[in-house]
Amino acid sequence: MKKCNNNDVSVYMTVKNGEKFIEQSLYSVTRQTCKPREIVVIDDGSTDGTVRIIKQLAQKSSISIKLIETTGVGRAKALNMAWKACSSTWVANIDADDIWHPEKLCYQLKAIKMSPMTDLISTKSNFLKGRSKPATTYDEIEELSKHQLTKLSAEDFFFRNQINHSSVLIRRCRLKEVGGYNENRVSQIDLDLWYRLLAKGYCLIRIDAPLTFKRIHAEQSFEAKNRIAYCFRSMSCELQGLRLLKANLYWYPLPILKFFFGLLPVNYRSHIRSTAFQFFKLLKK
């Protein structure tokens, strides 16, 4: 795609002790073919070299990088500080360890023109393990017209979270209307937001093309330190979402089953997940 500037998109990020990956992450934003107006970064009390790296990148970047330092306010509050500091109609989150395909924003902006009633647009994601990087030459992405634009319904979220937080481009006014991120939550912060957007009847769509790379690494897995507490919070969030979205009663056992499922060793979870997903797809029909 032709390079362009887009003065109506801001990118926001929160980070805490992200020195290992933040340079790759920010670089993937600055090399977008459709460049955003600005990047707003909230440092949530880092004690490593994160702030130094951001300041160095800001001096070299052709895109404004606005750094706001805190002594540690928590992820949800930091996210709210970040999007509120943005100045554009559309805002896009990227986690400090994830990466974008160079044409992510361009494809999303093109999709919005095709579907102007869209309030939030996400993409599919590929996964990176540890310190790995995407291939030097990114896989060619076909024309957007060859990819399906999927409108996401409430029921799509009852089995699993359909949206990678780092893939989201959302109208800033919609975040404001639902009160932003729930600062009472310490996990499932993004899923809680999707529930509230869906409950308001906003249009959430997804480009079925892998334009975001989600990194999986040991440092991010705070839930692994207390798996039981993490699984319990997940169950509580999902049950709350079912109530908010007025789900049929047959969906309510699912979060409870997922709680016990989450306590199993990872190898067992992987084997069971694929079978269960097919079953609930049939149930939804």
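Arg75 and Asp95 form a salt bridge in this predicted model, with 3.1 Å between their closest N and O atoms. The two partners come from distant parts of the chain, 20 residues apart: Arg75 belongs to helix 3 (residues 75–84), while Asp95 sits in the loop between strand 6 (90–93) and strand 7 (99–100). Their surroundings are worth a look too. Arg75 is partly exposed, because its relative accessibility is 33%, whereas Asp95 has 12% and counts as buried.

**Other charged pairs**

In total, the model holds 8 salt bridges. Three of them are set side by side here.

| Salt bridge | Closest N and O atoms | Placement |
|---|---|---|
| Arg75 with Asp95 | 3.1 Å | helix 3 and the loop between strand 6 and strand 7 |
| Glu177 with Arg174 | 3.0 Å | helix 6 (residues 172–177) |
| Lys258 with Glu238 | 3.2 Å | helix 9 (residues 253–262) and helix 8 (residues 227–244) |

The bridge between Lys258 and Glu238 joins two helices. Because Lys258 lies in helix 9 and Glu238 in helix 8, this pair ties together parts of the chain that are 20 residues apart in sequence. Lys258 counts as partly exposed, at 23% relative accessibility.

Glu177 and Arg174 make a local arrangement instead: both are in helix 6, 3 residues apart, so about one helical turn separates them. An α-helix has 3.6 residues a turn, so residues three or four places apart point the same way. Glu177 is partly exposed, with a relative accessibility of 40%.

**How helix 1 meets helix 2**

Two packed helices are described by the angle between their axes and the distance between the axes. For helix 1 (residues 22–30) and helix 2 (residues 50–60), the angle is about 30° and the axes are 10 Å apart. This angle is under 35 degrees, so helix 1 is roughly parallel to helix 2. The crossing of these two helices is right-handed.

Which residues of helix 1 and helix 2 meet? From helix 1 come Ile22, Glu23 and Leu26, and from helix 2 come Thr50, Ile53, Ile54 and Leu57. Sorted by class, this contact between the helices has 5 nonpolar residues, 1 polar residue and 1 charged residue.

**Two residues with positive phi**

Asn17 is not a glycine, yet its phi is positive, at about 55°. This residue is located in the loop between strand 2 (9–15) and helix 1. With a relative accessible area of 37%, Asn17 is partly exposed.

Gln188 also has a positive phi, near 55°, and is likewise a residue other than glycine. Its place is the loop between helix 6 and helix 7 (189–199). Is Gln188 buried or exposed? At 11% relative accessibility, Gln188 counts as buried.

**Inside the protein**

Back in helix 3, the helix that holds Arg75, we also find Asn80. Asn80 counts as buried, because its relative accessibility is 3%. Setting aside neighbours within four places in sequence, Asn80 is in contact with Gly180, Tyr181 and Glu183.

Helix 4 (residues 104–114) is largely enclosed by the rest of the structure, because 8 of its 11 residues are buried. The buried residues of helix 4 are Lys104, Leu105, Cys106, Tyr107, Gln108, Leu109, Ala111 and Ile112. If you are browsing the model, Lys104 is a charged residue in that buried list.

**The whole chain**

Stepping back, the secondary structure comes to 10 helices and 11 strands. The protein has 285 residues, and 52% of them count as buried. How much of the contact in the protein is between residues 24 or more positions apart? Among contacts with a separation of 6 or more, such pairs account for 84%.

How values were computed: Residues are numbered from 1 along each chain as its sequence is written. This is a predicted model: local features need pLDDT of at least 70, side-chain atom pairs count only at pLDDT 80 or more; totals for chains, interfaces and linings use all residues. Side-chain values use heavy atoms; hydrogens and water are left out. A salt bridge is a side-chain nitrogen of Lys or Arg within 4 Å of a carboxyl oxygen of Asp or Glu. Helices (H or I, at least four residues) and strands (E, at least two) are DSSP runs, numbered from the N terminus. Buried means under 20% relative accessible area, exposed over 50%, partly exposed in between (1.4 Å probe, protein chains only). Axes are lines fitted to C-alpha atoms, for helices over the stretch in contact, and angles run from 0 to 180 degrees between N-to-C directions. Angles under 35 degrees count as roughly parallel, over 145 as roughly antiparallel, 65 to 115 as roughly perpendicular and the rest as oblique. A crossing is left-handed if the near helix is turned anticlockwise from the far one by less than a right angle, and right-handed if clockwise. Contact means heavy atoms within 4.5 Å.
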